[in-house]
Amino acid sequence: MKRREKIEKPLVCIVIVNWNGEKIIGDCLDSLKKTSYKNLKMVVIDNGSKDKSKEIIKKFKGVELITLKKNVGYAPAINLGWSYCLKKHSPKYICNMNNDIVTIRKDWLSLMVEELEGDDLKGICSNKTVSKEGLVETQCFDEEKKKIVEEERGQYDFIKEVGMVGGAIFLVKVKVIKNIGGLDENFFFGPDDKDYCLRAKKEGFKIIFHGFSKSLHLGSFSYKASDKDEIYKHQSYGKIIYSFRHDNFFGKLKTILFQFTRTFISKRDSLYGNSFSNILLVLSSI
């Protein structure tokens, strides 16, 4: 009887962009230590943090830290991480992860890699994220991003090819990167993930949502920890670029009007819907 050869799992590099995340980066990295998928490298790009993030990151054995002197934006920092990983480690997959993600399944990565390994054209995969309150967060399945804030009851426990996925956890086959390049650095703070999915689809790659791979999302930490004026500026700029690149005429008009309105009115908590109690007037910052 022939001995069964052990199949080596492909190398995955996890790239995390951190910015002033001292309150949550430790939880993120600690959860990754429990991941059952062992053929991986962890790289953190510190995007000019002014807090104690770097000291916390350095305590984690095996985590490679790249320190930037200033916040260059999310997409440029991710691209720097991708280039570093491709040059130093030559992985088959790279997984972008927000610093406010806590993985709650040991096999979260194994499930996604196995799904992409099954088809050469499956290029990008993301999983289901839930809030601390047990609510399903943004699931982005088509060109029109919709907020979903509802109790997690297993209603998204499926694997499905979709139009696009969100970028809180974003597993990319290196073949895709070599084919279409990195994230568009015009997007300082989103929606680079949506744009990248549409670029990949245009080249024939499939985008997969994996509802059985589940993670906890502590929730828009960079948004909440930042100067809102700074975030508004970059978010609005990115959304206008995205809209003029991908939307029809009425979509472009809607985006312009909405971003103008955001100059005066916004939400107290970006994870929840439109309601009187969630309205925040920002006239004082004009």
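Me: Is S126 buried or exposed?
Reply: S126 is buried, at a relative accessible area of 4%. Buried means under 20% relative accessible area, exposed over 50%, and partly exposed in between, with a 1.4 Å probe and protein chains only. The model is predicted: local features need pLDDT of at least 70, side-chain atom pairs count only at pLDDT 80 or more, and totals for chains, interfaces and linings use all residues. Residues are numbered from 1 along each chain as its sequence is written, and side-chain values use heavy atoms, with hydrogens and water left out.

Me: Where does S126 sit?
Reply: In strand 6, residues 122-130. Helices (H or I, at least four residues) and strands (E, at least two) are DSSP runs, numbered from the N terminus.

Me: And what does S126 touch?
Reply: Not counting residues up to four places away in sequence, S126 touches M112, V165, G166, I169, I208, F209 and H210. Contact means heavy atoms within 4.5 Å. A polar atom of the S126 side chain also lies 2.5 Å from the backbone oxygen of I169.

Me: OK, M112. Which residues of helix 4 are buried?
Reply: W108, L109, S110, L111, M112, V113, E115 and L116. That is 8 of the 10 residues of helix 4 (residues 108-117), so the helix is largely enclosed by the rest of the structure.

Me: What is F212 in contact with?
Reply: Leaving aside neighbours within four places in sequence, F212 is in contact with R105, L111, D157, F158 and I159. L111 is one of the buried residues of helix 4. F212 itself is in strand 11, residues 206-217, and counts as partly exposed because its relative accessibility is 35%.

Me: How far apart are F212 and I159?
Reply: 53 residues in sequence and 7.5 Å in space, C-alpha to C-alpha.

Me: Switching to the core. Which residues have the most contacts inside the largest one?
Reply: I45, W82, I94, I124, V165, V172 and Y196, in a core of 36 residues. A nonpolar core is a set of buried Ala, Val, Leu, Ile, Met, Phe, Trp, Tyr and Cys residues joined through side-chain atoms within 4.5 Å. Elements that each supply at least two residues of this core include strand 1 (12-18), strand 2 (40-47), helix 3 (74-88) and helix 6. Helix 3 gives the most, with 6 residues.

Me: What does W82 touch?
Reply: V15, I94, N96, V172, I177, G181, G182, L183 and Y196, not counting residues up to four places away in sequence. There is also a second, separate core of 28 residues, which includes M42, F60, C125 and I208.

Me: How many aromatic pairs are there?
Reply: The structure holds 4. Rings of Phe, Tyr and Trp (its six-membered ring) pair if their centres lie within 6.5 Å; planes under 30 degrees apart count as stacked, over 60 as edge-to-face and the rest as tilted. The F170 and Y196 rings have their centres 6.3 Å apart and their planes at 65 degrees, so that pair is edge-to-face. It links distant parts of the chain, with F170 in strand 10 and Y196 in helix 6, 26 residues apart. F170 and Y196 are buried, and ring pairs link W82, F170 and Y196 into a cluster.

Me: Which residues of helix 6 are buried?
Reply: D192, D193, K194, D195, Y196, C197, L198 and A200. With 8 of its 11 residues buried, helix 6 (residues 192-202) is largely enclosed by the rest of the structure. Just after helix 6, G204 takes a positive phi of about 95 degrees.

Me: How many disulfides?
Reply: The count is 0, where a disulfide is a pair of cysteine sulfur atoms within 2.5 Å.

Me: Last one, E64. What does its side chain join by a polar contact?
Reply: The side chain of H89, at 2.9 Å. A polar contact is a pair of N or O atoms within 3.5 Å; within protein, one must be able to donate a hydrogen and the other to accept it, and residues adjacent in sequence count only if both atoms are side-chain atoms. E64 lies in strand 3 and is buried, with a relative accessible area of 16%.
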